[in-house]
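I opened my notebook to go through this structure a bit at a time. Here is what I looked up.

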Amino acid sequence: MVGGSVLLPGLVSQLIAEDGARSAPVDPLLPRAPHFTPKAKRVIFLYMSGGVSHVDSWDPKPKLFADAGKSISVDEFQGRKGDFKMFAKRPQWKFSPHGRCGTEVSDLFPHMAGCVDDLCVIRSMKSDHTNHYEATLGIHTGSFTFARPSIGSWLSYGLGTVNRNLPSFIVIAPKSPYAGGQVWASDFLPGAHQGTLVLPGAEPVANIKRRAATGRLQELELAAMAKLNRQHLATRVDDPLLNARIKSFETAFGMQAEMPEVFDLSKESDATLQLYGLARGSTQGFAWQCLVARRLAERGVRFVELIDVGSSDNWDAHGDMLTHTPLARNVDRPIAGLLRDLKSRGMLDDTLVVWTTEFGRTPFNNSADARGREHHHWVYSSWLAGGGTKPGTVYGESDDYGINVGKDQVHVHDLHATILHLMGLDHERLTYRHTGRDYRLTDVAGNVVKGLIV
Amino acid sequence: MTGRQNLAACFLWVMMFTLRVGAANDDVRPALEQNFSTRLQPLLQKYCLDCHSTEKHKGDLDLERLRSPTVALTQPKIWRRAIEQITEGEMPPGKKPQPTTLERETLLQGLTSLLAFTSAVHPSSGAGEGGPRLRSGKFALTAADKSYWAFQSVHLPAVPRSTKTAGPKNAIDAFVSADLKAGKLSMNPPATPRELVRRASFDLLGLPPTPEEVAAFEKNPTDAAWEQLIDRLLVSPHYGERWGRHWLDLVRYAESNGYERDGAKPNAWRYRDYVIESCNDDKPYDRFIREQLAGDEMADEQLAVVAGSKEWRDAIIATGYYRLHVWDDEPDSTVKAEFDDLDDIMVTTGTAFLGLTIGCARCHDHKFDPISQVDYYSMLSFVRTVDGYGLQHTGGGGRGTGKIQRVLATRAELEKWESEKRQRVKEAEQRLVQAADAEAQKRLEAELKKAREPMPPPDYALAIAENGPKPKATHVLARGDAFNPKAEVAPAFPAVLGLPAPTFSGRSADAGTTGRRRVLADWIASPQNPLTARVMVNRIWQKHFGVGIVPTPDDFGQTGVRPTNQPLLDYLASEFVASGWSVKRMHKLIMTSRAYRMSSHADNRRALAVDEANTLLWRQNLRRVEAEVIRDTMLAASGTLNPKRGGPSVFPTLPKEVHGTQDSSGKGWADSPAEEQNRRSVYLVVKRALKVPLLECLDFANSASPVGVRPNTTTAPQALMLLNDAFVQTQAAALATRITREGGERTEKQIERAFQLVLQRAPTEAEMRASLSLLIDQRQRAAAERAPDPSRVALNSFCRGLLNVNEMIYVD
């Protein structure tokens, strides 16, 4: 219906189409060419909710060990400006060099530590907000204030998907994260780009279980429906909208068949299950999430996000840093297993794995004997693996205490720009017109961090 | 002719021309060519040809070649660039002789109209090319800004004369025909009576017609019967439920605050009912605007409302408008958060009422439209004193006292209640003193407690509050930073409109509000406002044709799309105001046109080749109905729709996995009784963090920002929902029961009844065969697979399939 008109110039009809005044493009999920040759074809985004302490995990701070308990002064605390006298807090876990590359990481994640030769650790991440909600929104949408499309939706919009029997963007989360569904919302992008939520358990995807008694019965029903639809269509000139809807029922039928197959882990070998640390038959824990992620990646899903727990009982260790221990145990081996599994299947080369959290935790506290740490967005750590990133390297530095970025800051926008770049998209050209202006994932900021890329 | 007269004439001429742009009419060509030769050419010669001659052609520009007006009229690109450079003062370059101000204006005006014409005639290289033009860094209003079409007052355009013998009866057709004539096209033949009844019913009520309604009109498809049909639909209470929802989209209506906790907005549903009732009452649109923006002032100062009356209650409830925005209960900075809330109000007010993207000017001057940051904050100062939501976490100095509700009682009523209560309490106390024994004492104590409660409990409304007549100061905020205030501003309308500064009558010291919002409301609701009526009639048109005359109904600015037929838009806007802002009159006017009644079938190959996008409106558009209409249509077809109106929202039963996505599972969600769950979709709760999945997946409004055009997506998850969601199963089963009841014993009769209920027509022979064979196959297969009650399985499957066919949810 759009384009090709001599009366509506191309761009205008495009504007209309994108603003939704006219019918949207026929099939928003058709594969689209990237801007340039991509290094990665898909993303697995591992998101640790609540704020993982950087100084206890990926960012060794000897000075923090040395000066533990000493008072230091900081000019902002918990979002409030001022002059605060604080006490340096000793990291809870010991650091040591690992792998051939010798990257120093702590004992918190012993299995992941064994994978450092595949990781590109970023020690200079920077966020814009000290609250969970805003920072979570920021790391997912690039916006720290208002709901905007999620990075998975942007990638789906930019690249479409190759497997039409599965959604392009899937989120596996046992519980709702901060900011809820906004984390995977397509917002103003067409609804097809919205993340499909998978809940670990017996029925992981809504409405996937057919109501018709059997597949054959449903086929009969769909065939009859298609017959009526085609007769209806025949009296209207080949209308793309009507056609798309006929197609959508075919895809849905395919999804009913393929989705349960994705979640059926019975054919996975014992060795594989062991690699992830997953008990046979279990749908619990991060191990299940990781293994399903690999299966989705194999089947061409563009963006898979795994959320570790949700907005409660998470990494938000105000009270006691030792609450990181069971959480680490839940994710450590599964993530290492995922990396090894991808690598052994030759998939790590074109699968970008991102590990991140919304912010770090304060290297200091307002009392010397506090056992937890507070929110800290001035600097924190993340890592990338595969998909054209530099393995066995460390990028950026925080300062002596891990309070601020010391060198080579990677802002959330920069991380987003880099992820898009690895997927073959220029973050400045991936735009969508909405309410009169072009929107980007990176708003008006973001630089591709070349130092992270091979 | 003096220079000034010359300029004035030029202005007038440009304005006349602008009105005609939509028609791309060749009538103006001679005048334009003459203007080019006599006025522009000499100036180009004098100031430009020195460098941009055929010989020198500096910057690859040869203006000599364009001496012929015929050639000049084919070069929009060159003129656009020229206008840009002259406006910016880049051309002529500083060292060269400069044109006088007057000459510069003449040149710019002439070139602008030239450009408008060339863009319309040569659209492939037209206005859209390269996107809208970025404004220069330093804000200055240009003549082109002031003469922008949408900022000119609305004048009733002359109705084009028809060459046809009888001539169209409805002026709309004259305007549409004039455009079509330019493209050498003509209107499609009328739609079939059945298509028309469906179209009217879905458009006005959001529900399918009954088979009987269709049959009646098919028997007597006269103009008179058509008018009666429209009249009947317009008085149906379902009308407000349909059109009220359109308005709720614009004001991003929701009953919760969003963000992590997504707390409830108490009594928000009263605003929803107010909107529905206002539509049903055909409340004049100007009054509807005034009530929402300043209803409290109307009520408290008894402006056209009597205290305690329904109008009085309505006026207060309407101000719930100011409370609908998302609200962060735990912001980083309360000062910044206060301005975020105000900005949300500004964005919505600009978009919903004015079709302007005013919000773009919060942090910087608007990049495309002539709206400066000063304009933004001057507008903001009208609403600056609104007492905001309070805070859980106090401190930081921002935001308000949290008085977001108002009791719906007059002062006199409150005093009466108070004195009654005092009396009640006094009596109860006396009785208690005389209590005979412990048991009596206990009973009387309970009585006393009850006496202290308000009786009857008064109604509350989500409503606005201000704290007295003294306005808070408003400053321009550098880069939108609340901590970086610059110059103080006074309330004013955007400067580009050239209006006098608003005046405020003195406020008494005990007034509850500043009175500023009332002035804003009066300005927006004024017939002189160039945008208000145009924006609204465009929205009405859009809902009848699928696309507005301005295809971007929320953006009448530079980043929007120009009207495809401005005379038509202005005609409708004039009629709208003249009718006393009656929306229902507009429906009737539009729906009685031939244009509305055209067939949507795109059989005309020639028309498809010339105007595939149907910009000229040679046919009606085929439209998918909205999420709510799909759900309501299923309820109507299955016969289970509960027509109950108004009241607190309905909470449908959702799968527990869905609740799992909420922060704390199931919080604030108590399932409504079963019969309530079958009410119309407009009454389902709108919770920002947990939308009803069936509606959300079918492109329900995002409820965070104004939505004038919902997206229209077709996805596999939608199909999954429609195949497997519990609601759809229930409706399919109910439909199966209904057709066995109403269709009788014979399967053919049942199938026929189902087609009538769902599609309002009999099945064709081929469809009957397909349906029968589905039922037989299903029955056999189900029996073979030992499914219980194979006949029922088959019938349910047939009904589910029918409820999902394209024809049900596409309006021809």
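In which helix of chain B does Arg313(B) lie? I found Arg313(B) in helix H14 of chain B. For the labels, helices are DSSP runs of H or I with at least four residues, strands are runs of E with at least two, and both are numbered from the N terminus.

Before going on, I noted that this is a predicted model, where local features need pLDDT of at least 70 and side-chain atom pairs count only at pLDDT 80 or more, while totals for chains, interfaces and linings use all residues. Residues are numbered from 1 along each chain as its sequence is written, with chains lettered from A and ligands numbered from 1 in the order in which they are written.

**Arg313(B), continued**

Is Arg313(B) buried or exposed? I count it as buried because it has 21 C-beta neighbours inside 10 Å. The cut-offs are 20 or more other C-beta atoms within 10 Å for buried, 12 or fewer for exposed, and partly exposed in between, with C-beta atoms placed from the backbone. I also checked Arg313(B) against Leu774(B): they are 461 residues apart along the chain, and their C-alpha atoms are separated by 56 Å.

**H13 and H14 of chain B**

I looked at how H14(B) (residues 310-318) packs with H13(B) (residues 285-300), and got an angle of about 130 degrees with axes 6 Å apart. That makes the pair oblique. Here axes are lines fitted to C-alpha atoms, for helices over the stretch in contact, and angles run from 0 to 180 degrees between N-to-C directions. Under 35 degrees counts as roughly parallel, over 145 as roughly antiparallel, 65 to 115 as roughly perpendicular, and the rest as oblique.

On the H13(B) side, the contact residues include Gly295(B) and Met298(B), and on the H14(B) side they include Trp312(B) and Ile316(B). A contact needs C-beta atoms, placed from the backbone, within 7 Å.

**H32 and H33 of chain B**

Next I took H32(B) (residues 765-784) and H33(B) (residues 790-803), whose axes come within 8 Å and cross at roughly 140 degrees. These two are therefore oblique to each other as well. Leu774(B) turned up again here, among the H32(B) residues that make the contact, and Phe798(B) is one of those from H33(B).

**Val519(B)**

I found Val519(B) in helix H19 (residues 516-524) of chain B. With 20 C-beta neighbours inside 10 Å, Val519(B) counts as buried. Setting aside neighbours within four places in sequence, Val519(B) touches Phe382(B), Pro491(B), Pro502(B) and Phe504(B). Val519(B) and Arg290(B) are 229 residues apart in sequence, yet 9.5 Å apart in space, C-alpha to C-alpha.

**H4 and H5 of chain A**

How many residues of H4(A) (residues 132-141) are buried? I got 10 of the 10, so H4(A) is largely enclosed by the rest of the structure. Its cover includes helix H5 (151-159), strand S10 (351-357) and helix H11 (412-422) of chain A. After H4(A) comes Gly142(A), with a positive phi near 80 degrees.

H5(A) has nine of its nine residues buried, so it too is largely enclosed. Among the elements its buried residues pack against are H4, H11 and strand S1 (42-48) of chain A. Gly160(A) follows H5(A), and its phi is positive, near 65 degrees.

**Confidence in chain A**

I noted a mean pLDDT of 88 for chain A, with 93% of its residues at 70 or more. pLDDT is the predictor's confidence in each residue, from 0 to 100. Over residues 1-25 of chain A the pLDDT is below 50.

Methods: Two residues are in contact if their C-beta atoms, placed from the backbone, lie within 7 Å.
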